[in-house]
Amino acid sequence: NDSSLFTGVEFTDPKYIAMIQPMKPGFIRFPGGTESMAFDWQAGHVNQSWINELAPNVSAFVLSDLNLAQKMTQAKGGACFTGTTGGSCYSNYADLVNTLGASALVDFNGWTDTHPGSAANMVAAAKAAGLNVVEWELSNEPYMFPTLFPTASSYAASQFPYAEDIF
């Protein structure tokens, strides 16, 4: 996971890059796990109304993580997917991945992102940025939230429209 949604670290920070480069990561995951549940990749921010929508169905720990990520993305001007998406970000994930020569693992927000065509737009943005996406995750760890996805069938049915746009 890239930690940019929980910290003030920027994707272009030379100290951050120097720390990661020796590990020669095969891929870097964006936007990460829990915080992806309310992440609006087109805005580059964790969306407060989406957090509110999830709140009755998640633990206090998950809610705390989401709120921290929301505050951090607002404070730093966003966590952008590419140089042409999401607010007025200083740096973006695509540049980090390309600088490191890594592949991308993208965790699409199938929990709360209801923007029409959002998944297809994210795929197009990834291609335009030259990202080698080796995996698209549809909703981080859905098995952890049985009130939202009580069965495998309910998960599959809710994620199918996104999968059609991605694959």
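Predicted model: local features only at pLDDT ≥ 70, side-chain atom pairs only at ≥ 80, totals over all residues.

My entries follow, in the order I looked things up.

**Entry 1**

I began with the strands and found an open sheet of 3, in the order β1-β4-β5, with parallel pairing. I then asked myself which strands stand at the edges. They are β1 (27-30) and β5 (133-138); each has a single partner strand, so one side of each is left without a neighbour in the sheet. From one strand to the next, the twist averages 15°.

Next I looked at how β4 (residues 103-108) is joined to β5, and noted 5 bridges between these parallel strands. For Phe-108, I found the bridge partner in β5 to be Leu-138.

I also checked what lies across the sheet strands. Helix α4 (residues 93-100) lies across β1 and β4, and I noted that α4 runs at about 170° to β1.

Where is the cis peptide bond? I found it from Phe-30 to Pro-31, with omega near -5°. Pro-31 belongs to the loop between β1 and β2 (39-40).

Then I went through positive phi values. Lys-24, which is not a glycine, has a phi of about 45°. I located Lys-24 in the loop between α1 (14-20) and β1. Ser-139 is another non-glycine residue with a positive phi, near 70°. Ser-139 is in the loop between β5 and α6 (152-166).

Is each of them buried or exposed? Lys-24 counts as exposed because its relative accessibility is 68%, and the cut-off for exposed is over 50%. Ser-139 counts as buried because its value is 3%, and buried means under 20%.

**Entry 1: α5 and α6**

Last, I turned to a helix pair. The axes of α5 (residues 118-128) and α6 come within 8 Å and cross at roughly 30°. Angles under 35 degrees count as roughly parallel, so I wrote α5 and α6 down as roughly parallel to each other. The crossing of α5 with α6 is right-handed.

Which residues make the contact? On α5 I listed Ala-119, Ala-120 and Val-123, and on α6 Tyr-162, Asp-165 and Ile-166. I sorted the contact residues as 5 nonpolar, no polar and 1 charged.

Conventions
Residues numbered from 1 in each chain as written. Heavy atoms only, no water. Pairing = 2+ DSSP bridges. Helix = DSSP H or I, 4+ residues; strand = E, 2+ residues; numbered from the N terminus. Axes fitted to C-alpha atoms, helices over the stretch in contact; angles between N-to-C directions. Contact = heavy atoms within 4.5 Å. Buried < 20%, exposed > 50% of the residue type's maximum accessible area, 1.4 Å probe, protein only. Parallel < 35°, antiparallel > 145°, perpendicular 65-115°, else oblique. Left-handed = near helix turned anticlockwise from the far one by under 90°. Nonpolar A, V, L, I, M, F, W, Y, C, P; charged D, E, K, R; others polar.
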